[in-house]
Amino acid sequence: MVVENYKEVLENVKKAALKAGRDPKDITVLAVSKTKPNEMIEELYNEGVREFGENYVQELATKMETLPKDIQWHMIGHLQRNKIKYIIENVKMIHSVDSLRLAKAISDEAVKRGVNMDILLEVNVALEENKFGFKVEEVEEALKEIAKLPNICVKGLMTSAPYVSNAEENRQYFKRLNKLLVDINDKNIDNVSMSVLSMGMTNDYLVAIEEGATHVRVGTAIFGERNYNK
């Protein structure tokens, strides 16, 4: 079922992209595999899927050790500074940089390991109390500082919109994040040229694509519901 689900998501992505006048090839589907066993990931891997998202450092580190080395892992969950060292050499991108302190810690660790790390700044567009991230009005100043740090490159912005039953309710947040990215790029800040918008999950990824998402983080629609009590 996992492979069929993934193909269905790709078909939906294609339709949403074409509806918005976009090339479906410009959109990356991250298969979010948190709490799911390696066997499910391997099913997709054997079909040629390489882009996966994980929320928890410990789980990600374990999967990195046991699964094929050419998987492109994306860290999409909240990241604590003391856990950066466990993943920095093996992730393609960190989507969830929510503070200047975290960005500095990633930079320090990247310098120490001799790697370059692509990151996204997490923006709490909807101002949800239980979510991490910069406020929209904080992003530009933070970006100016982060862009000066060695061995990291800000590729774009990320948001987690509210969980809603009607995806249309989140269109405003996706639209605002896209506008923020465009506005900042127009200011030609030194060392800043952002092209990635990581937004949209199982319940709202089609609306996110219509509003410019380049990366959508889809878990449940591919892997099925999660059982957190295991």
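**Loops, strands and a helix in a predicted model**

Asparagine 124 touches Lys131, Phe132, Gly133 and Phe134, leaving out residues up to four places away in sequence; contact here means heavy atoms within 4.5 Å. This is a predicted model, in which local features need pLDDT of at least 70 and side-chain atom pairs count only at pLDDT 80 or more, while totals for chains, interfaces and linings use all residues. Residues are numbered from 1 along each chain as its sequence is written, and side-chain values use heavy atoms, with hydrogens and water left out.

Asparagine 124 sits in the loop between S5 and H5. Helices (H or I, at least four residues) and strands (E, at least two) are DSSP runs, numbered from the N terminus. With a relative accessible area of 8%, asparagine 124 is buried; the term means under 20% relative accessible area, with exposed for over 50% and partly exposed in between (1.4 Å probe, protein chains only). Its side chain reaches the backbone nitrogen of leucine 127 at 3.0 Å. Leucine 127 is placed in the loop between S5 and H5, but is exposed, at 57% relative accessible area. Its phi is positive, about 55 degrees, although leucine 127 is not a glycine. As a reminder, most residues other than glycine have a negative phi. Asparagine 188, in the loop between H6 and strand S7 (196-198), has a positive phi near 50 degrees. Asparagine 188 counts as exposed, at 63% relative accessibility.

Helix H6 (residues 171-186) includes arginine 171, which is buried with a relative accessible area of 18%. The side chains of arginine 171 and glutamate 168 are joined by a polar contact of 2.8 Å. Such a contact is a pair of N or O atoms within 3.5 Å; within protein, one must be able to donate a hydrogen and the other to accept it, and residues adjacent in sequence count only if both atoms are side-chain atoms. Setting aside neighbours within four places in sequence, arginine 171 is in contact with Val207, Glu210 and Glu211.

Turning to helix H4 (residues 100-113), its 14 residues should span 20 Å at 1.5 Å a residue, and the end C-alpha atoms are 20 Å apart, which agrees. The expected span is 1.5 Å times one less than the number of residues. Leu102, Ala103, Ala105, Ile106, Ser107, Glu109 and Ala110 are the buried residues of H4, and they pack against strand S4 (91-97), strand S5 (117-122), helix H5 (139-146) and strand S6 (152-158). Glycine 114, with a positive phi near 70 degrees, follows H4.

Among the strands, S1 (residues 28-32) and S8 run parallel and are joined by four bridges; strands pair if DSSP finds at least two bridges between them. Valine 29 stands opposite valine 216 in S8. From strand S8 (residues 215-218), His215 and Arg217 point one way and Val216 and Val218 the other, and all are buried.

A search of the whole structure finds one aromatic pair. The ring centres of phenylalanine 52 and tryptophan 73 are 5.9 Å apart and the planes lie at 45 degrees, so the pair is tilted. Rings of Phe, Tyr and Trp (its six-membered ring) pair if their centres lie within 6.5 Å, and planes under 30 degrees apart count as stacked, over 60 as edge-to-face and the rest as tilted. Both phenylalanine 52 and tryptophan 73 are buried.
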